[in-house]
Amino acid sequence: MKIQYLLSLVAMFFVLTSCGTADVATDYDRNVDFSQYKTYNFYTNIQWGKTNGLDQTRILNAIEHELNAKGMSKVEAPDLLIDIKTHENEVKRNAGNIGIGSGNYGRRGGVGVSVGIPISRKRLHKNYIIEMVDSKTNNLVWQGVFEKDISPNADNTEVISTAMNKLLSKYPPQKK
C-alpha cells in the first residue's frame, strides 16, 4: 500500500514539473506614446545564432501575425524596426530522486540501507528577445523576453506561435 502511495506521488510530481510555464518579461520607455506607431519592419541584419531557417521564418511570421492583428502594417519605411535575438541550448534538468530504504533500530544501535536513483531529463532552453526601435530616433522603446524549457520533441511551430503571442500580448504597454 505504501509503495502504491509513493509511486502515485512520484507520478504526480512528474506531471506537475513537466508542465512548466514560460517566463515572459517586458520593459518599455514610459515617455513614449505608443499610439504613434502604426507600421513596422524587421532589421535586415538579425543575428539568428543557431536558429535554423525554418524557425527563423516561423518567428517572423508569428510576429507579423500578432502585430497585424493589432492593426499595424509592415512597410518599407516603418515607424518601428524590430530586432530579434534567439538563444537555445540543451540543459539537463534534475527532476528529483527515487529512494528506496529500509532500516532497523535496536536497543543499542541500528542498521539502515538506502538506495537513491537520480532522475534527470534533457530539455531545450529557449530564449527569444524582441526589441522595437523607433526608426526616427533610433531609440529602443520596447523589449520583450520569453524563456522556457521545452522537450526536444516539442512542435516548434506551436512553441514559437505561443511565445510570440505571449510576448506581444504585452504590446503596446498599458500605462499605469
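**Confidence and packing**

Author: This is a predicted model. The protein averages a pLDDT of 81, and 69% of the residues score at least 70.

Reader: Which element gives the largest share of the largest nonpolar core?

Author: That core has 28 residues, and Ile63, Met164 and Tyr171 have the most contacts inside it. Elements giving two or more residues to the core include helix 2 (53-69), strand 4 (80-105), strand 5 (110-134) and helix 3 (156-168). The largest share is 5 residues, and it comes from helix 3.

Reader: Which rings are linked with Tyr171 into a cluster?

Author: Leaving out residues up to four places away in sequence, Tyr171 touches Phe34, Tyr37, Leu67, Lys70, Met72, Leu80, Met132 and Trp142. Ring pairs link Tyr171 into a cluster with Tyr28, Phe34, Tyr37 and Trp142.

Reader: What is the geometry of the aromatic pair formed by Tyr28 and Phe34?

Author: A search of the whole structure finds 6 aromatic pairs. In the pair of Tyr28 and Phe34, the centres are 6.0 Å apart with 75 degrees between the planes, and the geometry is edge-to-face. Both Tyr28 and Phe34 are buried.

Reader: Which residue lies over the face of Tyr28?

Author: The distance from the ring centre is 4.1 Å. The residue over the face of Tyr28 is Arg30.

Reader: Why do Tyr128 and Phe146 count as buried?

Author: Tyr128 and Phe146 form a stacked aromatic pair, 6.0 Å centre to centre with 20 degrees between the planes. The pair links distant parts of the chain, with Tyr128 in strand 5 and Phe146 in strand 6, 18 residues apart. Buried means under 20% relative accessible area. Tyr128 therefore counts as buried at 4%, and Phe146 at 2%.

Reader: Lys126 is in strand 5. Which side chain does Lys126 join in a polar contact?

Author: Lys126 counts as buried because its relative accessibility is 2%. Leaving aside neighbours within four places in sequence, Lys126 is in contact with Asp55, His87, Glu88, Phe146, Glu147, Lys148, Ile150 and Asn156. The polar contact spans 2.6 Å, and the partner side chain is that of Glu88.

Notes. Residues are numbered from 1 along each chain as its sequence is written. This is a predicted model: local features need pLDDT of at least 70, side-chain atom pairs count only at pLDDT 80 or more; totals for chains, interfaces and linings use all residues. Side-chain values use heavy atoms; hydrogens and water are left out. A nonpolar core is a set of buried Ala, Val, Leu, Ile, Met, Phe, Trp, Tyr and Cys residues joined through side-chain atoms within 4.5 Å. Buried means under 20% relative accessible area, exposed over 50%, partly exposed in between (1.4 Å probe, protein chains only). Helices (H or I, at least four residues) and strands (E, at least two) are DSSP runs, numbered from the N terminus. Contact means heavy atoms within 4.5 Å. Rings of Phe, Tyr and Trp (its six-membered ring) pair if their centres lie within 6.5 Å; planes under 30 degrees apart count as stacked, over 60 as edge-to-face and the rest as tilted. A charge sits over a ring if NZ of Lys or CZ of Arg is within 6 Å of the ring centre and within 35 degrees of the ring normal. pLDDT is the predictor's confidence in each residue, from 0 to 100. A polar contact is a pair of N or O atoms within 3.5 Å; within protein, one must be able to donate a hydrogen and the other to accept it, and residues adjacent in sequence count only if both atoms are side-chain atoms.
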